[in-house]
Amino acid sequence: MKRLLIGRLSSLQRRAFSKLAEAEVLPVESSGIIPRMPPFDYSPPPYAGPPTSEILRKRTQFLNPTMVHLYKNPLNVVAGKMQYLFDETGRRYLDAFGGIATVGCGHCHPEVIDAIIDQTKKLQHSTVLYLNHAIADFAEALASKMPGDLKVVFFTNSGTEANELAMLMARLYTGCQDIISLRNGYHGNAPTTMAATAHSNWKFNVVQTGMHHAVSPDPYRGVFGSDGEQYAKDVQGIIDYGTSGQVAGFISEAIQGVGGVVELAPGYLPAVYNIIKKAGGLCIADEVQAGFARTGSHFWGFEAHGVVPDMVTMAKGIGNGIPLGAVVTTPEIAQVLARRIYNNTFGGNPVCTAGGHAVLKVLEKEKLQENAFIVGSYLKDRLEALQEKHDIIGDVRGRGLMIGVELVTDHKLKTPAKAETLHIMEEMREMGVLVGKGGFYGNVFRILPPLCFTKDDADFLVDTMDFAMSQL
């Protein structure tokens, strides 16, 4: 890969050189290296909005005080195109966070945009009390991507709503209240989903009942390493000692996203699903982050574990940025909501479902699942090679284009490198690469780019990370 040659520079100087990299201007004198961003044939229209300082002032004064930003100097994103974002100056950034695993097809994909605009011109909203083909067509297409008898779709507006609904249905169907989730998991910020979330950073001190948290089958930090069946025994223990012996269900991600891109140990889900079934419960797969081809090897994260859940929840990648979520379940389980009136005003909105249907078509047409597998495997290989070079990298994990890089200051103790993680993120941003972070300690890079990511993009990401780590 082409690189610019420069010395040890300040962040301001590095950003200036990164701009030169886009213009393909090479400094003459050098004593170090900095990667060059891959070429991209697109320039956003000039930005005519308010300055960053004014936006930050309004955000501080009028918006939710818990809203945070990733960088010391907040990034003002004004445009996006495929795997790239642009700030108010027109500067381009490689987006390796994808709106937190949301942008699958790429920013402003023309076919998704066209579908949204076309439907908006015809009918923006009515009600599901009337017929409209957009919701029915998308439900049929979505059901075709599911295994077994998972054929009934409930549309929601978010992943939180989807998980709330799935756990409600599990409790109604079984007549039990107890639900088991995993430590280090994240499922949303409403009452039931917050209870299921086992991550104190995301929980408020309110009453949360009927929820039990099993030991996370974490191959890197867990006590049983990669032995999934050993971890599963904890679920049986919870049922035996913490419930009546019968449970409503079990909910988990196939890869814990917010928790730091933690893959569940092999053999865990089959063992747990068997335990839950014997206790009369339902199994819920939270595919909000791992679904929609992101893992590459499969369309859904749970498929890599050889299990078929009773309910699948989804959001984020389902709409490429549209506020859209869903629960897919069997006809038998779906009937529990017919006992009363259940309605969601905006769940199944024609604009959202038309956009979601377009997303499915683009994923298939452009073979983005295959690309996620090929590019993701290449990226992971390069990151594992980088791990050999830099002691600060404790673990590289994940599938496809859902990858985590955990930083530690001590390999034996696995001491979280929190300050170093923030520093490297800042340095990568200055060089034009945006990554996320997560994990309980905030020491894991979350790499969740649009699925149109290329090998050149992967090279640029790894080389910027390499450069930033070399400056520590």
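Begin by selecting K367, which lies in the loop between helix 11 and helix 12 (368-389). Keep in mind throughout that what is on the screen is a predicted model. The phi of K367 is near 50°, a positive value in a residue other than glycine. Most residues other than glycine have a negative phi. With a relative accessibility of 53%, K367 counts as exposed, because the cut-off for that word is over 50%.

**Along helix 12**

Which residues of helix 12 are buried? Colour L368, A372, V375, G376, L379, L383 and L386, for these are the buried ones. They cover an arc of only 110° around the axis, which puts them on the same side of helix 12. An α-helix has 3.6 residues a turn, so residues three or four places apart point the same way. To see what that buried side meets, display helix 11, strand 15 (393-399), strand 16 (402-410), strand 20 (444-447) and helix 14 (455-470), against which the buried residues of helix 12 pack.

**Helix 11 and helix 5**

Helix 5 passes helix 11 in a left-handed crossing. On the side of helix 5, the contact is made by A134, I135, D137, F138, A141 and L142, while helix 11 contributes P350, T353, A354, G356, H357 and L360.

Now bring in the open sheet of 7 strands, whose order is 6-14-13-12-9-7-8 and whose pairing is mixed. Strand 6 (152-156) and strand 8 (211-214) stand at the edges, and each has a single partner strand, so one side of each is left without a neighbour in the sheet. If you look along the sheet, neighbouring strands are turned by 20° against each other on average, with direction ignored. Helix 5 (residues 133-143), already on display, packs on this sheet and touches strand 6, strand 13 (311-314) and strand 14 (325-329), and its direction makes about 120° with that of strand 6. Helix 9 (residues 268-278) packs on the sheet as well, touching strand 7, strand 8, strand 9 and strand 12 (282-286), with a direction that makes about 160° with that of strand 9.

Within the sheet, select strand 9 (residues 249-253), which pairs with strand 7 (residues 179-182) in the parallel sense over 2 bridges. I180 has F250 of strand 9 as its bridge partner. Strand 9 also pairs with strand 12 in the parallel sense, here over 5 bridges, and the bridge partner of S252 in strand 12 is A285. Is strand 9 mostly covered or mostly uncovered? Strand 9 is mostly covered, since 5 of its 5 residues count as buried, that is, under 20% relative accessible area. Both of its faces are covered, with G249, I251 and E253 buried on one side and F250 and S252 buried on the other.

**Helix 8**

Move on to helix 8 (residues 228-242), whose 15 residues reach 21 Å from the first C-alpha to the last, close to the 21 Å expected at 1.5 Å a residue. The buried residues of helix 8 are G228, Y231, A232, V235, I238 and I239. They cover an arc of only 110° around the axis, which puts them on the same side of helix 8. These buried residues pack against strand 7, strand 8 and helix 9, whereas E229, K233 and Y241, on the other side of helix 8, are exposed.

**A loop residue, then a second sheet**

Follow the chain to A293, which lies in the loop between strand 12 and strand 13. A293 has a positive phi of about 75° although it is not a glycine, and at 0% relative accessibility A293 counts as buried.

For the last stop, select the open sheet of 4 strands, which has the order 3-4-5-18 and mixed pairing. Its edge strands are strand 3 (77-81) and strand 18 (433-434), each of which pairs on one side only. Strand 3 and strand 4 (residues 84-87) run antiparallel and are joined by 4 bridges, and V77 stands opposite D87 in strand 4.

Technical notes: Residues are numbered from 1 along each chain as its sequence is written. This is a predicted model: local features need pLDDT of at least 70, side-chain atom pairs count only at pLDDT 80 or more; totals for chains, interfaces and linings use all residues. Side-chain values use heavy atoms; hydrogens and water are left out. Two strands pair if DSSP finds at least two bridges between them. Axes are lines fitted to C-alpha atoms, for helices over the stretch in contact, and angles run from 0 to 180 degrees between N-to-C directions. Contact means heavy atoms within 4.5 Å. The expected span of a helix is 1.5 Å times one less than its number of residues. Buried means under 20% relative accessible area, exposed over 50%, partly exposed in between (1.4 Å probe, protein chains only). The arc is that of the directions from the helix axis to the C-beta atoms. A crossing is left-handed if the near helix is turned anticlockwise from the far one by less than a right angle, and right-handed if clockwise.
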